[in-house]
Amino acid sequence: MTEVEFEITNRHGREEPLTGHELRDIKDAADLYQSSSFKLQIDELLPNVRPKESGRQQLDHFLFALHTHCISIPSIAPLNPLAAAKVLAKQGVAVPFAFPLPSRDAKWKVAFEPPREICVVGSWGNGITVKKKSGSRFGVDLSVEMPEALFQEKDYLDGRFFHKKSYYLAVLAQSISTAFEVDTFYSSALGDPRLTTLVLSPRNGSTSHDFSKSHAEVHVIPVLSSSSPLLLSRLFPSHSNVRMPSSSSPPSFPTPIYNNAILLSTYAKEALTSTHELKNALPAFHDAYTLLRVWANQRGYGDGELCVRGFEGKGSFWAGLLRYLILGEELVSTKSGNAKSRKPLGKGLSSYQLFKAALDFLAKQKFGETPVFTKTTIGHRCPPEEYITHHPAVFVDATSTINFLSDVPLTSLDLLSHDAKETLEQLSNPGTSSDTFASCFLQSRFKLSSRFDAVIRVDLSQASRNQSTSALVEHGSSDAALLASISATLRRGLGNRTQAIAILQPVTSCRPISSAESPSTSTVHIGLIYDPTHAFRLVDHGPSAENQDSDVAKEFRHLWGSRAELRRFKDGRITESVVWEVTTSDERAHIPVSIVRHLLQLHFGISTKYARTLQTPFDSLLRLPDDVRRLHRATGGYKAALTAFDGVVRNLKALDEQLPLALLNVTPISEYLRYTSTFAPLPIPASASTELPKPLRFLPTIPIILEFEKSSRWPDDLKAIQKIKLAFFEIIAQSLMTSNPGLKVSVAIGDSSNPFQGCAALEIFTAEGWSFSAFIWHDREATLLDRIVDPSKMFVGPSDHQYNAREQREAKAAQELYTRRFIHAPRHHHAIANLCHKYSAYSGTVRLVKRWLAAHWLLQTHISEEAIEIICALPFVGGKQKSTESAATVPHSKERGFSLVLEFLTDWEWDKPLCLLLYEDDTPATAPEVWTSNGPDAVAIRRLRAFAKEASKALRNAETEVDIKSLFLHSTDDYDIVIQLNPAVLPRYYQNVNAESSVWTRDSPLGTAESTLRPGFDPLPLFLADLQSTFADTLKFFADPFGGDRIGAIWLPDLGVPRSFRALAGFSSEPSSKEDETKDKKLVVLNRQAVLDDVGRLGTGLVQKIIVCERM
């Protein structure tokens, strides 16, 4: 019972009516939150991300002592900036001067006077601070107001204000570091020295000023007073306030980011008061702000492992966003008239409604096109046109002075919009995630491989830093200017190929106060989220040939360099264009990454060696070795297999006059015909089969189902039905070979001893080298099998023939095979084929996951391929068939899909059903148990989760060097027995992850030639099936079906204990030692050596050796 329900029950007992607040809570839990548990989870989250009361007294004591000390620091007379810095340097304190650096002949001076006012500002001052993602300390912003006497009217020029501010901060650092037992550091958000603050952290072992229990650190921020002589009008975006060192005349370029950085020094106190007023006027503001900050921190829009470029130190933006939604938008007058302003949401919303409203605004707002001006009380201080003209993105605060997004690239805002859209989809459709609350607020999104369709790790140490002086002035540092240029270039080059481009960098670390410069950024990660409609197009079109001399044409050629060329297209157009040549579908999937690499090398000198991606290693795992493809003359692939299937269907349909019944349908049920086989199908023509070594001669058979028209002439006996099927096969085989001389058709009869089970198939071998295996579906079989399994279902009197228990077991096995092959397999094939056509990355995801499971010896042996195909559908359909490929939650690359599946397997509880809507004629239901009836069991599940956890952990930090192939290498340390097979007799050995080419080299004595080709023959699964049936009560086996040359086995745990002897015990035994025997019974133990000898005899000619592992 929830707290709300408990209170309501108590009120009902006192016959008191429900209050309006209680009624609203009940309605919100049912409608707004869509779940009462979701609301309770939010209520539980909020107090756990806020600072505790313990330790506040120690922090307040330190702040009071710091205030007393700072106002008593003695004044320092005016000095030349370099001379003043030299004095501090002798005391071990550096002055973090900004660019352009002061000169020796500067006519202005720096000085120090005690601060006029010191106060706690920011989120701590308003009591709305939120725990950081990285678990680091809470930030307590302490504004120190610099006296106006230190400044002159023109200190906005040439960085003079920043130099005076830096010196003021350095003096504070020197004085505080000597007077208090605290650790002092400099911190520059975004690596910009103009935004440097002084960080005070509690020192271990300190006795006088230990505030570590508060889990906080103090950030000292020098600010301007409201009465400073600097003119606000001179800091509008269009003004140029930096004169180039090479010229005494004013420069011609405006400095909007530089100007905005000065204005930030006037904003702290105004932000404090306005947020305080809003918090008091709207009770839901605090909780809404907390939810928004938690959501943002989990996605890198703040402090954490990695930070989205531009959002470091942007805490005021989130409060400003809520203020804008609550107060509304200021009317903007343009040349075309007054633009429509956004209406305020008002003050009656709950915190969750306000949070969702913020996400809705972020998801729909196009910051690069539409400026945002928060409603003000005094109107615009600066003409809006200046912001719109000189800033790519505009979000002006309520004071009409600060643009929150002045130094935030549009690529980061595109990612913010995409993340908001993704979260809204999850909140609107709870079925898209197993735990909506966790995915929104708890799960970290710093695993780049599951967040982005492609991730490029870029080493900036190799970049050519030839930025202009104006760029350095604007952005404050070489790194910032470089990243800004990279962001703009990639956004222009990729265009509509991507929904979002993210540049993620490590959060700027603190540095000692003896270091003036912030550490440079050596590595960044570029994440791409594809737009599947345009991401993989082959041609980028530019201006037409008639506009060769236009500025647009020149910009196009400058952007693409030598790749830009004039081309004539089929429709007669002649345009500037860039063509991306590809030969395979894998290469086409790499086009966006190829564009990024080309632009980085062309404009920034970063070669492809220093722009690495994980895509290429993954591709090699799904591709056959080059020498194998050279030996196979035929060209395969899914399209070729489907073409061959269509040809077989036409040939079969043409036999209607020669068959006693008309052929209605030919249904495919093979992974090779639905794009989900690990390796693309490869035919082997009969003429080439003898030239291939045995380890390269595996030819898969493609199963299909033949459905004939209904007829009453079918017998009512299961054994007779199988005979009729054989007759059909014989007629079809003769007719096909007569009408199509290139086909080879034969009737294959399996070795099944089950008389009720159809063991015959029609094998069709085409001239191109494709092999098909056809089965006949007769629906009457299901009824007859059901009657044998359960005689009570007979509608007539009991049959004269009474079926014994063995026959019922055989009928049950035949019924399971019939249901799996003729009922579920066609529906499954149709559903999976539709997913492959609907989602471009689904096929590759399934293939990678199958390859990974096979490499860890679980596929087919313990987990069916159909079950994996269903599991891999989860990131795409998310429990809702309505999702489209353009949905924000859907991956658009196989690498991202693979990573998402690994995350799911790591946490999924196998004992709970997985509900997916895959079949169009079904409501959401659990996956058919037919695909999991034979596994996985508890042992396989534990192994799978352990493998998935390790693989997911290896991919979690993309900044580390990851050897992708190592994720697919399997250790044998956990096995009791390893059976080494002879690779020379394994026709699929070339598919092994660690295949050695010497095994199939032509002149190798291991390779032998045979005159006949045996489609579908693979001794490994046959040998494994014999082992499993023979030693089912003794060993559990594991193997890689794709060319594996080893079989792992573990002893069943219950066989380690001596037990009483009995006949038909199920395992080979031997007398136990006398110490284990009881007085009246003889005990036996497992005879392990006898089992190993039997395994060796059973695998004669296939087994090379058996290794017994001693596990610790």
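## Secondary structure and overall dimensions

The chain of this predicted model contains 35 helices and 34 strands, taken as DSSP runs numbered from the N terminus (helices: H or I, at least four residues; strands: E, at least two). Its C-alpha trace spans about 110 × 85 × 65 Å along the principal axes.

Residues are numbered from 1 along each chain as its sequence is written, and side-chain values use heavy atoms, with hydrogens and water left out. Local features need pLDDT of at least 70 and side-chain atom pairs count only at pLDDT 80 or more, while totals for chains, interfaces and linings use all residues.

## Burial, contacts and charge

Of the 1112 residues, 53% count as buried, meaning under 20% relative accessible area with a 1.4 Å probe and protein chains only (exposed is over 50%, partly exposed in between). The chain exposes about 49,800 Å², of which carbon and sulfur atoms supply 52%; these areas come from the Shrake-Rupley method with a 1.4 Å probe. Among contacts (heavy atoms within 4.5 Å) with a separation of 6 or more, 73% join residues 24 or more positions apart.

There are 122 positive and 125 negative charges, and their mean positions are 3 Å apart. Lys and Arg count as positive and Asp and Glu as negative, without His and the chain ends; each charge is placed at NZ of Lys, CZ of Arg, CG of Asp or CD of Glu.

## Confidence

The mean pLDDT (the predictor's confidence in each residue, from 0 to 100) is 86 for the chain, and 90% of the residues score at least 70. Helix α29 (residues 842–855) has the highest confidence, at 96, and helix α1 (residues 3–13) the lowest, at a mean of 44. The pLDDT is below 50 over residues 1–14, a stretch with 13 contacts beyond near neighbours in sequence.

Residues 1002–1009 also stay under 50 in pLDDT. For these residues the model has 10 contacts beyond four places in sequence.

## Helix α30

Helix α30 (residues 865–872) is largely enclosed by the rest of the structure, because seven of its eight residues are buried. These are Glu865, Ala867, Ile868, Glu869, Ile870, Ile871 and Cys872. They pack against α28 (805–838), α29, α31 (874–877), α32 (894–907) and β26 (915–916).

## Ser449

Ser449 lies in helix α16 (residues 448–451) and counts as buried at 11% relative accessibility. Beyond its neighbours within four places in sequence, Ser449 is in contact with Val455, Glu895, Arg896, Ser899 and Leu955.

The side chains of Ser449 and Ser899 make a polar contact at 3.0 Å. Such a contact is a pair of N or O atoms within 3.5 Å; within protein, one must be able to donate a hydrogen and the other to accept it, and residues adjacent in sequence count only if both atoms are side-chain atoms.
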